[in-house]
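User: I'm new to this structure and would like to learn how to read it feature by feature. Could you walk me through it?

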Amino acid sequence: MRNPPLHRYATRPGLYFTDDGGADVVVRSETADQVWLCVLEPIDQPSAFYQDSIRLFKDPNVSFIQQIHEFPICTRIIERLYLHETLFRMTGPNYGLWYVHLPKAWDGMRYGYRVDGAWDPKHGVRFNPYKFLLDPYGKGVDGSMELSPAPFSYECDVVNNKVVGSAFGAMSTVDSLGHVPVSVAIDDRDVHKHEGDPQHPHVPWRKTVVYELHVKGFTANAPWLPEALRGTYAGLAHPVTLSYLQNLGVTSIELLPIQAKQDELFLQEHGRTNYWGYSTLSYFSPEPSYATKAAQEQGATAVRQEVIDMVRAMHEAGFEVIMDVVYNHTCEGGVEGPTVCWRGLDAIAYYRRQKNNIGRLEDTTGCGNTFDFTNTHVVTFAVDSLRYWAKRIGVDGFRFDLGVSLARLNGEFTQHHPFLYALRSDLMLGNLKLIMEPWDLGNLGWRTGQFGIPFAEWNDRFRDTARTFWLEDADGNARQGHISLQEIATRMCGSADLFATDPGRGATASINFVSCHDGFTLTDLTRYYSKHNEANGENNNDGSSVNHSANFGVEGVTQDPAIIATREQAAMNLFGMVLLSLGTPMLLAGDEFRNTQDGNNNAYCQDNPITWLKWDWLYSAEKTHEMHRLETVSRLISLRKSLDLYHHEGFFTRLTQLGLLKPSSLVQWFLPDGTTPMDNDWFDLSKRSFTMRLLSDSEVDVCIVVNGSPEDCQFRMPSDSDWLPKWCSAEINNKYPGHGTEIEYGEYDLDSVWTHNVPESSAHIQHVVEEVQSGRFQSTDSATERLTQLGTQQQSADGTSINTALAMQQEAAGASAESQTARQPDANVWTVPAMSITLFKQM
């Protein structure tokens, strides 16, 4: 594909290879006095620009900056870096853009910019030609910033690993080259590059199950991968990895940021790293550290190719790839932060300023700066970046971190923001999955449900409702909680109160989740009442203190089987809530097999086993808790995908037609006795049990039965049909809904976690066996719970196993039942285990 000839009306910055062996280079700086393109070459190789450039020598009477102003092309040798730096004086500004034509350019060329202009920090102007700057449109990055005075535009020093100096002081004259990352050119002119690509899956929203993961953390400990592939893009694309994801059943893989990142100054000063990656260094370059060592050694082109190959492999396996992107702020932080790109090019144009102090930056992100999306060119920059990842890399959608900051005009949020319209109207981006995190730290920053079509949004109201109902209120067997029937029913039906904002906007706009990278894992939600972030080095002051979690009697890990069983069922209740509700479900990687972060609910700086998924259970000779949960979750996902009742985008409770709301005929509600809730029932906090019937004209109906009480509960099902339980959260503990007045128990799996032998000294097991033989237990419930609470299947002194004891108990219970008057259970009555959620299907 030929590039158009360079002219002064060009509107897109970037480096464009040309057919003459060179490149056209364009960069934006609206208020600079002069801009130079700088190309770096090794000293031991002939320079490509020898005939065109004037060599500079050190002159005690003339500064380096004064010298480069004299010549259109000049070269200097930097012995400490073993480099030639050739500087090309650019022409401009024309409409804010600067231009130059490189006579020679090549794939892998290392380059950057130097910019000269006014130094007036109090008015937000911080031009410093001593600072080597990345290309904002650069497609590759090499190197990283070191903590030294060099990357900072103001005079400072580093004392005891802390930057000391005033951001409003004198301009620094320390050259930053060699202390900061540089851009790497990638020649992607080949029009045949993407021929033969697999078709994108384009999973409909109504069939989507999102799975959020970290590229490194997902496979860093993966036992099926060779060491060289662990924690890499290639490891995520490995056939065994993809097979695992297929077996789980998710459809869309949401990757935590993979755009090149740089640790914030605060973390560098404290010797830590930004593991999550929400500190973007380059919006066109993939993060090199997630590539294999071989690709890193080959350079930026190989790193990018590994990312492309990962996306292709995902597509071939049937998965969509969604990128988490951070356009609300950059890694440069506040004015005290380093100068690596945007601040040095044009700080006033790129960053929002405080109205009463333009020397300071507006911060609605909590990260020191906020991109100014009222500037057309910032909007264009973001859209160009998104199109590049969608077209060249092949991703299928984006999740926008702190999306409210991207939609503020004059400081206030509006769904009519130009950036949102740019996304909606773009022929490519408008047809991808676009997900907003609908809040930021600015004024009136909570905006869940307000972005409109075509955006989906993370639903924090669903998260908090589910956690409160199944954890906070359930801990201690509370009979009255904080969540009303009306609230939980609304969340399960797609949150129409939040998302029925536009005609045609459906429940799929609600991304339903209970855990994500930011916060407790699902397992930790059931283990910890309080956060435990001591490893972060901030005295446990970071991270949210409001988690709506529960520890069920013990803070942290316990060996008490009763508590373990309660926690497992609570976790499955949360899974059931997410996957049986209308909307788009999202799961956090590792939740399906009890992954834990040891109570850390803000592990953004933990690039270590705290955050890396733990796979040691995978090849156990016996069925572990992790395997049992994985099987139960994957079966539930499969059930959801098999039901066309979930394959629509309308609301169960209300439909939007011409902007009007009206009741829906798709859902019916019942109390346990089979009656319809009255008005006062919807707000009675003691009502924690109900049935939600989803009706369909084309397939069988289903009932979702919620028993939020601490006892087994009888439910009278709709009498016009027979019903069969297909999934129950209590099955994680081998409990199932029973037809009639008692719940049922599953057979003990000899390959389950309860398959060890009891030492002969285990008097507890012997005591229970004796109780069974004596007929003391008259119900399955009491004996089975006593047995399972005592741990794994073990052998008593006389060789009687738990399974044998169970058989004895069941036989005794059967004999007792025969002695009573036989009666048939009511066909419409099912008894559902305490604190459970069950899916019934019409027979």
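Analyst: Happy to, and let's start with a helix. Helices are DSSP runs of H or I with at least four residues, strands are runs of E with at least two, and both are numbered from the N terminus. Helix α16 (residues 625–642) has 18 residues and spans 26 Å from first C-alpha to last, close to the 26 Å expected at 1.5 Å a residue. That expected span is 1.5 Å times one less than the number of residues. Before going on, two ground rules: residues are numbered from 1 along each chain as its sequence is written, and side-chain values use heavy atoms, leaving out hydrogens and water. This is a predicted model, in which local features need pLDDT of at least 70 and side-chain atom pairs count only at pLDDT 80 or more, while totals for chains, interfaces and linings use all residues.

User: What does pLDDT tell me, and what is its mean for the protein?

Analyst: pLDDT is the predictor's confidence in each residue, from 0 to 100. Here the mean is 88, and 86% of the residues reach 70 or more. Where pLDDT is low, the predicted coordinates should not be read in detail.

User: Which residues of α16 are buried, and what covers them?

Analyst: Buried means under 20% relative accessible area, exposed means over 50%, and partly exposed lies in between (1.4 Å probe, protein chains only). In α16 the buried residues include M627, L630, V633, L636, I637 and R640. Their cover includes helices α4 (239–248), α14 (522–525) and α15 (561–579), as well as strands β27 (584–588), β34 (723–728) and β39 (836–842). For the whole protein, buried residues make up 60% of the 843 residues.

User: How many residues of helix α12 are buried?

Analyst: Seven of its eight residues are buried, so α12 is mostly covered. R491 sits in this helix, which runs over residues 485–492, and its relative accessibility of 0% is why R491 counts as buried. A contact means heavy atoms within 4.5 Å. Leaving aside neighbours within four places in sequence, R491 touches R461, F462, T465, D497, L498, M577, S581 and L582. Just after the helix, G494 takes a positive phi of about 100°.

User: How should I read a salt bridge, and how many are there?

Analyst: Look for a side-chain nitrogen of Lys or Arg within 4 Å of a carboxyl oxygen of Asp or Glu. The structure holds 37 of them. In one, the side chains of D324 and R399 meet at 2.9 Å, N to O. D324 belongs to strand β18 (residues 320–325) and R399 to strand β21 (residues 397–400), so the pair ties together parts that are 75 residues apart in sequence. Both partners are buried: D324 has a relative accessibility of 1%, and R399 has 0%. Another salt bridge joins K623 and E631 at 3.3 Å, N to O; there E631 is partly exposed, at 39%. Salt bridges can also form a network, as with R76, E85, R114 and D175.

User: In what order do the seven strands of the open sheet run?

Analyst: Two strands pair if DSSP finds at least two bridges between them. Follow the pairs across this open sheet and the order is β4-β5-β6-β3-β9-β15-β12, with mixed pairing. Its edge strands are β4 (54–55) and β12 (140–142), each pairing on one side only. Strand β4 runs parallel to β5 (residues 73–78), and two bridges join them. Within that pairing, R55 has T75 in β5 as its bridge partner.

User: Where is P286, and is it buried or exposed?

Analyst: P286 lies in the loop between α5 (265–269) and α6 (293–298), and at 5% relative accessibility P286 counts as buried. P286 and V303 are 17 residues apart in sequence and 7.4 Å apart in space, C-alpha to C-alpha. Beyond neighbours within four places in sequence, the contacts of P286 include K139, Y233, V303 and W389.
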